[in-house]
Amino acid sequence: MKGWGLLTTGFALQIAFIVRWWEESEVAPLGLRLSIGLGVLLSAVGLAQVAGRLAHTRNPLLGFTPAALTLLALLVAAEALLRAYQVPPGLVPTPTRVLATLYTVRDVLLQDAYQTVLKEALVGYLIGCSLGVLTAFLVSRYLFLERGFLPYATLFSSIPIVALAPVLVKMVGIDWPSKAAICAITVYFPVVVNTFRGLTEVSPISLDLMRSYAASEMQQYRWLRLPNALPFIFNALKLGTTLAMIGAIVGEFFGANGQGLGFRIQIEAGRFGFDIVWAAIIVASAAGIVWYGLVTWVERRLTGWHVSFRRG
Amino acid sequence: MKKWSVFAVLALFVLGSLAGAQQNLVKVNLQLKWFPQAQFAGFFVAKERGFYRAQGLDVTLLPIGDQSPIQMVQSGAADFGTTWIADLLTARERGIPVVHIAQIFQRSGFTLVALKSTGIKDICRDMKGKSVGVWPSGNEYPAVALFRKCGLTSSLDPRATNPDVTAVTYPFDPALVFPDKVQLVSAMIYNEVNQIAGLGYDESKVDIFKLADLGINLLEDLLFTTERVLNNRNFKGSGLTGRQVAARLIRATLQGWNWAVANQAETVEKYVLPVCGNTCKGSGTRADAKEHQTWQMAEVAKLYNAGATTKGWAGFLVPADYQASVRLLREQGILTRDPPAATVDYGPWELATGKRARDWR
């Protein structure tokens, strides 16, 4: 229990300071700053001990505790240090300020998220992924596509397509379709490459077996190639959620129709409204995590048989 | 052999004295508010005609796109910068210790342009439900002030869920959004107005709403720095204080501006066009860089040669103008309190010009 004691003492020292310095606008004197330093140190040591003790737990709630405590410790330390040194909110706002702002501007941020996540990123993602899977099927079927097209897909999947954002915004216009186009293109190439690998890296023995049963090409795809490709496809789909969010937000930096998380971040960063910027980042992260989680959930439903999900 | 060594010694001596002269110059980074164009003619003249060097300064003029010059100066990437009053004061309110040290333009050049065919006559009444093109990074404040003055909410306001006016951001070129996506577009009287005309929408087809005429006379291009620079006792090890460097910078800059305004054709030809690339071009039928910059120089000269400048007080921030800008921003809720007195420092300007701010009539 020594870890918990240290952790609590560390938090108490910092929180006591935060409460005491809540209304002040001066830099805290050395003594108080040292007490924060001690608090940070104690909580860090305590956290290490607690995490060490919980390392082998099988209870998922307890297993998550060290991560949650780390976040809490970082937030408390940031709050205390920012207040102690009176860092202006126009540079780095305190966590409490960001949370209060998140609450007051929640409606507008939700509208922004609707525009950025559901319209731009999701539409682009769905288009890019479906086209990608379709292309991969064709490429795996026709050798001339594999020779003529696949090298370029591999090449493009390794360059940052987001650099195309300004070009696409200029070509397609400032409304949401230009951002959806950016997202579609960014997710398309990794999906093509991964799906193709999944469809073709099939065990030769299985393929021989199918052929000896005189399975048609359709049947080979349905019963062998597609199941084999699913884990590869889902890897690309999960990677794609992140790429689509990045594409949508960065795309809005190059022109936006008055809405969107990227628009909000750009406008408020230029006005030193960093509390709103951080609030928008929190909303974007939450949306990204939920989305990633959904894809992972579908993956488990469809590929539960795969070796990576087997319980030891 | 002997001849060569004499040459060598002479060459070394010359090189040494040149290097010495270089070393004595104080390196100063000045952040402009935009890409090079005639808007900054005075700065280019001061640099290229050696006015800065005569003051012992080696000034680097830094261009910028859609970012805030305040961020560059605040972070120390630049020592001084040019920006507008609204973003300066809002940054100050959010704790960034920026200080106004000289006012270059004495009048606002911000306009909103609409096609006559959209039927916008009374801008406050007719703007509701419309889309307005704005530039981000603090350049949207004049438009925001107008929306607020008209009692309209906009999508730039993070608390308005159902805004009356949709603000559309776009990269640089008004042709990207005007007139298809927005009914009104931000346009500087010295730049975009001519670009829009070049696209086929000249004065006969558009209405130009000057914000100054609508009661939004927010001061524009000004010189600023941070308290950290001003209070520096030994600026970059030069032996000069931050204030002295600021004063020398102001003196040479104003000298540059006076020269530019008096010799406009030569300024554009020799000092603007050589430093500017693509961004100096106009649009459509008025794309030619030289013509566009010549026109811009004339328009910019009008903003410089106004108010205090005409009374021989170039660079002076007229207290009444400043108070009017502050009052306007407070009335429209863009500022929540009066900026602290330290936001404006007349000291460097007084040192530069030998005048005293309190003698202003």
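Two strands pair if DSSP finds at least two bridges between them. This rule applies to the predicted model described here. Strand β1 (residues 26-31) of chain B and strand β3 (residues 80-83) of chain B run parallel and share two bridges. One bridge partner in β3(B) is Phe80(B), which faces Leu30(B) across the pairing.

The β1(B)–β3(B) pair belongs to an open sheet of five strands, with the order β2-β1-β3-β10-β4 in chain B. Its pairing is mixed. Strands β2 (57-62) and β4 (98-103) of chain B form the edges. Each edge strand has a single partner, so one of its sides is left without a neighbour in the sheet. From one strand to the next, the twist averages 30°.

Chain B holds another open sheet of five strands, in the order β7-β6-β8-β5-β9. The pairing here is mixed. The edges are taken by β7 (166-169) and β9 (206-210) of chain B. Both have a single partner strand, so one side of each lacks a neighbour in the sheet. Neighbouring strands of this sheet are turned by 30° against each other on average, direction ignored. Within the sheet, strand β6 (residues 131-134) of chain B runs parallel to strand β8 (residues 184-188) of chain B, and two bridges join them. Val132(B) has Leu184(B) as its bridge partner in β8(B).

Chain B is also divided into domains. Domain 1 of chain B covers 25-107 + 219-277 + 310-359, and domain 2 covers 110-214. Their centres, taken over C-alpha atoms, are 27 Å apart. The contact between them draws 13 residues from domain 1 of chain B and 13 residues from domain 2 of chain B. On the domain 1 side, α5 (85-93) and α13 (319-331) of chain B are the elements that give two or more residues. That side has five nonpolar, five polar and three charged residues.

In chain A, the account turns to helix packing. Two packed helices are described by the angle between their axes and the distance between the axes. Helix α1 (residues 2-20) of chain A packs against helix α2 (residues 30-54) of chain A at an angle of about 150°, and the axes lie 7 Å apart. Angles over 145 degrees count as roughly antiparallel, and α1(A) and α2(A) are therefore roughly antiparallel to each other. Their crossing is left-handed. The contact residues of α1(A) with α2(A) comprise 14 nonpolar, nine polar and two charged.

Helix α1(A) also packs against helix α3 (residues 60-84) of chain A. Here the angle is about 40° and the axes are 9 Å apart. The helices α1(A) and α3(A) are therefore oblique to each other. The crossing of α1(A) and α3(A) is left-handed. From α1(A), the residues Phe11(A), Gln14(A), Ile15(A), Phe17(A) and Ile18(A) take part. They meet Val76(A), Ala77(A), Glu79(A), Ala80(A) and Arg83(A) in α3(A). By class, this contact has seven nonpolar, one polar and two charged residues.

Finally, the chains touch each other. Chain A contributes 26 residues to the contact, and chain B contributes 24 residues. On the chain A side, α5 (106-141), α8 (165-172) and α12 (261-270) of chain A each supply at least two residues. The largest share of that side, five residues, comes from α12(A). The side of chain A that touches chain B has 13 nonpolar, nine polar and four charged residues.

Conventions
Residues numbered from 1 in each chain as written. Chains lettered and ligands numbered in written order. Predicted model: local features only at pLDDT ≥ 70, side-chain atom pairs only at ≥ 80, totals over all residues. Domains from an automatic or database assignment. Contact = placed C-beta atoms within 7 Å. Helix = DSSP H or I, 4+ residues; strand = E, 2+ residues; numbered from the N terminus. Nonpolar A, V, L, I, M, F, W, Y, C, P; charged D, E, K, R; others polar. Axes fitted to C-alpha atoms, helices over the stretch in contact; angles between N-to-C directions. Parallel < 35°, antiparallel > 145°, perpendicular 65-115°, else oblique. Left-handed = near helix turned anticlockwise from the far one by under 90°.
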